[in-house]
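I opened this model to look up how its parts are arranged. My notes follow the display.

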Amino acid sequence: EDGYDLWLRYAPLDDGMAADDAAALGPVTSASAPTPTIIAARSELERGLAELLDGHEPAGRGIVLGLARDLDGAAAREAATLEGQPAGAYRIARLADGRILIAAQDDIGLLYGAFAFLRHLGAGEPVSTIDDISAPAFSLRIIDHWGNPSGLVERGYSGRSIFDWWHLPDRLDPRMIDYARAEASIGINGVVVNNVNAKAYVLEPRYIAKLRRLADAWRPYGIRVYLTARFSAPMELGATGTADPLDPAVRQWWKDKADEIYAAIPDFGGFLVKANSEGQPGPQDYGRTHADGANMMAAALGDRGVVLWRAFVYSAEDSTDRAKQAYNEFVPLDGKFADNVILQVKNGPVDFQPREPFHPMFGAMPHTKLMLEGQITKEYLGFATHLAFLAPLWKEVITADTGHGGVVAQNLVGMAGVANTGSDRNWSGSHFDQANWYAFGRLAWDPRMSSGNIAQEWAAQTFSRDPGFLAEVVPMMLGSRQAVVDYMTPLGLAHQMGTGHHYGPAPWICDLARPEWNPCYYSKADAGGIGFDRTATGSDALAQYAPTVAAQWRDPKAMDEDYLLWFHHLPWDFKTQSGRALWPELVHRYDRGVAEVDAMAATWASLAPNVDEQRFEDTSEFLAIQQREARWWRDASIAYWQSVNHLPLPEGAAPPAHSLDWYEALSFPDAPAD
Ligand code: BDP
């Protein structure tokens, strides 16, 4: 058990259940002509059932895969319930004659239905109770890879890139098929294969050939490939003297490039673009707007694909409040983007922090398509080492009321997750980080799913269906992200991580060239207090939210304190809702985080009988690191705040293990920084 099989482990059901299920199941047949996707669905079912039933011969009526148009009688009536549903929807039903029907309106729906059926069985549901109809909430369910052609992955903590660019197109790593199975099993239908900080040369013909090999391999699994395109590519590749989006030669170059890609890959998804952000080129270099740039690329693609234009922008010119910049640049452009442009907006206004309020652009651009970008790889949450289940983080955002009519999820056309996969045998760098990949896909399919249900079905398939095990591991997962928030950045603090690598505490950093690179910029801690005033007396970022939303965060005495210091600069003796003053409350939250990690480690230790030795040990070792590092975060942070506020430790609080100097002197030359 090395984790390679992910949640597609298909571990044998216990004997009684396997016998019952086998009695109710029979051979897999297809009512529809075999296409590569239908063949993939059948073979996944056959493979999964053989493993789950573990030698028990299916003796009942068969499992029928069928497109609605190929079915008749009772099966057709069940399939008709899918009418009007979007691509990929499926229906799983038990027919009166005992057959199991997996029906859909398109091939990919059959594959999704096959995976769903195996998921139900894998989670331990008896065949007799499985009855499912499901459709994806969003049409775009995308994974963004941040790997470079060299094989290094920016913010990757699980080895090298999974893409073997060196040997492509001549050799396709068989892992690419397992990868596609995994993505399809959670409904992912698009993969951006290269870093947002892209090289121009990935648009050269030799890369298009590599991409084509991947596209051909993934097509049966419903996955379209996308490329990050560097805005200055025509210039860098020597074709034009400018990258100005209004220049006819530039426009023609992109059009020709799109035609060239579509000739090789007829279902190419489109371009992802990071423009005028962190030094990347973009339309503003030519005095043009984001809309000018995005629309130029959109015109090149036409109705064949989409431009995913990132809204993650911040510039040195206006660093009064980095959190305001994307909204300021993009909201005035509402309605100016072409139909096939989608703005890809990070979940929060700064940058994938352990907790941020939802991005104020959500709901604020009614005439523009938006999608949410989440980070599955845990750049700011302890890399792959710390256990933090992220479904609660994403749920917090997608269920937030925008105040513009509806919750965030209702304002989206898709979700994109920054991958945490790599060449590590277990794909994600740690076993529990597989859960974040899984959860992202499940939420992009159905944002109404609860974090608890997702954790439960993942853990049952990945580790053990034992109810006693699940009763322990699911709550442990659900509390894990809040634990990280508490020991790293409690009460709405953000960006206190070390420079460059973003691992470990560095609240004292205050001397970097650009103000918004410094942790002290975000904490604004001084002798008088701590926190970023984003009310009208400060940056007034609060005004970017709808009035009802702004109102809920305006009063520090009454608001949800999880966002307290995000929006308010408060004196150290400010009275919090617990009755404690801010300083002891802050210390209390750090301690709570540390205690929670200790509890997680104790829970895990008690689960040894339920988990195979290798994965148990791997996870135990990481939890031990997390216990130590949670203390490091707490102690270093408290030591620094004390150097600023000169306050004694609250009664009963343990003093930091070392002096502030000791923490400041630590360095991490070997931490993966990019
Ligand atoms: C930041 C990462 C950086 C990415 C950037 C982005 O530190 O490596 O390039 O996000 O999303 O969080 O473009």
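I looked up the domain assignment first, whose bounds come from an automatic or database source. The protein is given domain 1 (15-134), domain 2 (140-326 + 346-363 + 371-447) and domain 3 (487-665). I noted that residues are numbered from 1 along each chain as its sequence is written. The model is predicted, with pLDDT of at least 70 needed for local features and 80 or more for side-chain atom pairs, while totals for chains, interfaces and linings use all residues.

I then checked domain 2 against domain 3. Their centres, taken over C-alpha atoms, are 30 Å apart. I found 30 residues of domain 2 in contact with 31 residues of domain 3, contact being C-beta atoms, placed from the backbone, within 7 Å. On the domain 2 side, the touching residues are 11 nonpolar, 12 polar and seven charged. Here Ala, Val, Leu, Ile, Met, Phe, Trp, Tyr, Cys and Pro count as nonpolar, Asp, Glu, Lys and Arg as charged, and the others, Gly among them, as polar.

Next I picked Ala455. I located Ala455 in helix α13 (residues 451-462); helices are DSSP runs of H or I, at least four residues, numbered from the N terminus. Is Ala455 buried or exposed? Ala455 counts as buried because it has 24 C-beta neighbours inside 10 Å; the cut-off for buried is 20 or more, and 12 or fewer is exposed. Leaving out residues up to four places away in sequence, Ala455 touches Phe389, Ala391, Ala435, Val474, Met477 and Leu478. From C-alpha to C-alpha, Pro234 is 45 Å from Ala455, and 221 residues away in sequence.

How values were computed. Helices (H or I, at least four residues) and strands (E, at least two) are DSSP runs, numbered from the N terminus. Two residues are in contact if their C-beta atoms, placed from the backbone, lie within 7 Å.
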